[in-house]
Amino acid sequence: MTADVWLPIPPDEIDGLPEGPDYRFWNAGEDFPADPADCAFYVVPYMKPSPLCVRPMGRMSNVQVVQTLSAGIDHVEPGLGHLPAGVRLCNARGVHEASTGELTLALILASLRGIPDFVRAQDRGEWLGGFRPALADKNVLIVGYGSIGEAIEDRLVPFEVARVARVARSERTTARGPVHPLTKLPALLPEADVVILSTPLNETTRGLAGADFLSRMKDGALLVNVARGPVVDTKALLAELETGRITAALDVTDPEPLAREHPLWRAPGVLISPHVGGPTSAFLPRAKRLLVDQLNRYVNREPLRNVILTTGASTG
């Protein structure tokens, strides 16, 4: 049995790794640390372009586990078809909830309270007063109610919002209330003052926030995207922003990164952060805890956490 584990974090910086595997450090550099065919457990480099992440996967003929350090898996999907059957793909549930939840609230509050306007006014030495919307008493809709959606709601609760509506792929009931299926979106969108996108990117959600979705949002509503850029139809969003009817706060965009001349930079009523929901000081300790737990489970032949799919398995 092959026993190489490829890590994008130096193994001597991770306390608690189990004995047994040969740990190889690789963070998407040009040279591989060893023969990819000997890799049994591949931890995908974090925040690296998809082509770099999938580059060794076609040669990983004996890999058993592919572990991402992101909540989404879309960046490794192009390489899945090159893997042998039976490989378990795991995501990083539990790593990004805190930091993404924080950024979501920061984007909402900054947008509603006009923080970008205040920063620009400060640069001009101008005292810019006036009334601004508060988050208190607003109806909030979370589209994509997984662990990150739950973490966002945790952070919304102290702000005295009027209501939180939840949408996910499947209908279910939680301790906080019902989670509606995607089919209920047309009825829920007109009621929301703040619409938060925290869905994974897949064929169902690609372009989800298109012209019809955006047209159903109420006048003055705020769209917040902390999911993936292609969940929003950029052209349709630009058309709505230009009218001034809605506003937006975007941590992710399509395309990404935005070129200097892209019109989204200068669209009215938009706040853009450069895909920074995950990379904070909260990332590394949580990522290390996840890897230690997963690798101990792997070595001891215990069930892994966060298994998203198994290659070669029937989807029917």
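Leaving aside its neighbours within four places in sequence, which residues is Phe213 in contact with? Taking contact to mean heavy atoms within 4.5 Å, Phe213 touches Leu185, Leu189, Val195, Leu197, Leu208 and Leu223. The model is a predicted one, in which local features need pLDDT of at least 70 and side-chain atom pairs count only at pLDDT 80 or more, while totals for chains, interfaces and linings use all residues. Residues are numbered from 1 along each chain as its sequence is written, and side-chain values use heavy atoms, with hydrogens and water left out.

Phe213 belongs to the largest nonpolar core, which has 32 residues. Such a core is a set of buried Ala, Val, Leu, Ile, Met, Phe, Trp, Tyr and Cys residues joined through side-chain atoms within 4.5 Å; buried means under 20% relative accessible area, exposed over 50%, and partly exposed in between, for a 1.4 Å probe and protein chains only. Within this core, Leu141, Phe213, Leu223 and Leu237 touch the most other members. Among the elements that each supply at least two of its residues are strand S6 (139-143), strand S7 (163-168), helix H7 (211-216) and helix H8 (234-243). H8 gives the largest share, four residues. Helices (H or I, at least four residues) and strands (E, at least two) are DSSP runs, numbered from the N terminus. In soluble globular proteins, nonpolar side chains tend to be buried together.

The charged side chains form the second topic. Side chains of opposite charge can pair when their charged atoms come close. The structure holds 15 salt bridges, each being a side-chain nitrogen of Lys or Arg within 4 Å of a carboxyl oxygen of Asp or Glu.

One of them joins Glu191 to Arg163, with the closest N and O atoms 2.7 Å apart. Because Glu191 lies in the loop between H6 and S10 and Arg163 in strand S7, this pair ties together parts that are 28 residues apart in sequence. Glu191 is partly exposed at 36% relative accessibility, and Arg163 is partly exposed with a relative accessible area of 36%.

Arg120 and Asp117 also meet in a salt bridge (3.6 Å, N to O). These two residues are three apart in helix H4 (residues 115-124), so about one helical turn separates them. Arg120 is partly exposed at 47%, as is Asp117 at 31%.

A further salt bridge pairs the side chains of Glu240 and Arg245 (3.1 Å, N to O). Glu240 counts as buried, at 14% relative accessibility. Elsewhere, salt bridges that share partners join Asp117, Arg120 and Arg132 into one network.
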